[in-house]
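Here are my notes on this one, as numbered points. Have a look at the model first.

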Amino acid sequence: MISVKHTPLYEQVLKEFNYEFGDVFVFKGYLISEISEGINFTWEDHGKRIVEDVSKFIGGNGADIVYLSHRIHSYSVKPNGWVKFFKGNYALKGYGVVGYSSKSFLNTLIESLFFTQKIRRFNDLDAAVQWATHDILTNADS
């Protein structure tokens, strides 16, 4: 359960967004978020800001991006934010959650009620990145 900042992946970061509520790392074709301990993550206070910043950086609505939520800290998510995300004409190529506790996966189950696509769950960041870069991005190009 270490941050992307302390892994070999960090060398591949194209852009890093640091917020008072967490960090977002943008890579070629995917991004990884690490939200801080104890945050009650909402669309209004957090999600919208991330989406606008990343969309501006990549020059699109996210339809060609895989989002990996790296849940190294305990925090809660207000899942109806996904409804607002999609109403804002944003999209994702895929969504994966890397969790290290049963609580993080319980949050994912609740989120799946509001997310329009399948959410992939992982207990290892490397496996999630492999899925994002190979299974999703590579197969989309063929």
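1. Start with β7: Gly-94, Gly-96 and Val-98 point one way, Tyr-95, Val-97 and Gly-99 the other, and all are buried (under 20% relative accessible area with a 1.4 Å probe, protein chains only). With 6 of its 6 residues (94-99) buried, β7 is largely enclosed by the rest of the structure. Strands here are DSSP E runs of at least two residues, helices H or I runs of at least four, numbered from the N terminus.

2. A caveat: this is a predicted model, where local features need pLDDT of at least 70 and side-chain atom pairs pLDDT 80 or more, while totals for chains, interfaces and linings use all residues. Numbering runs from 1 along each chain as its sequence is written, and side-chain values use heavy atoms, without hydrogens or water.

3. What does β7 pair with (pairing takes at least two DSSP bridges)? β5 and β7 run parallel, joined by 6 bridges, and Leu-68 stands opposite Gly-96. β7 and β8 (119-122) also run parallel, with 4 bridges; there Tyr-95 stands opposite Ile-119.

4. The largest cavity holds about 400 Å³, taken as the space filled by probe spheres set on the points.

5. Its lining has 29 residues, with Gly-47, Val-51, Tyr-67, Trp-82 and Phe-85 nearest the centre (lining means an atom within 4 Å of a point). α1 gives the largest share, 7 residues; β3, β5 and α2 each supply at least two.

Technical notes: On a 1 Å grid over the protein atoms alone, a cavity is a set of points where a 1.4 Å probe fits but cannot get out, and a pocket is an open set with protein on both sides within 12 Å along at least five of seven lines; lining residues have an atom within 4 Å of a point. Buried means under 20% relative accessible area, exposed over 50%, partly exposed in between (1.4 Å probe, protein chains only). Two strands pair if DSSP finds at least two bridges between them.
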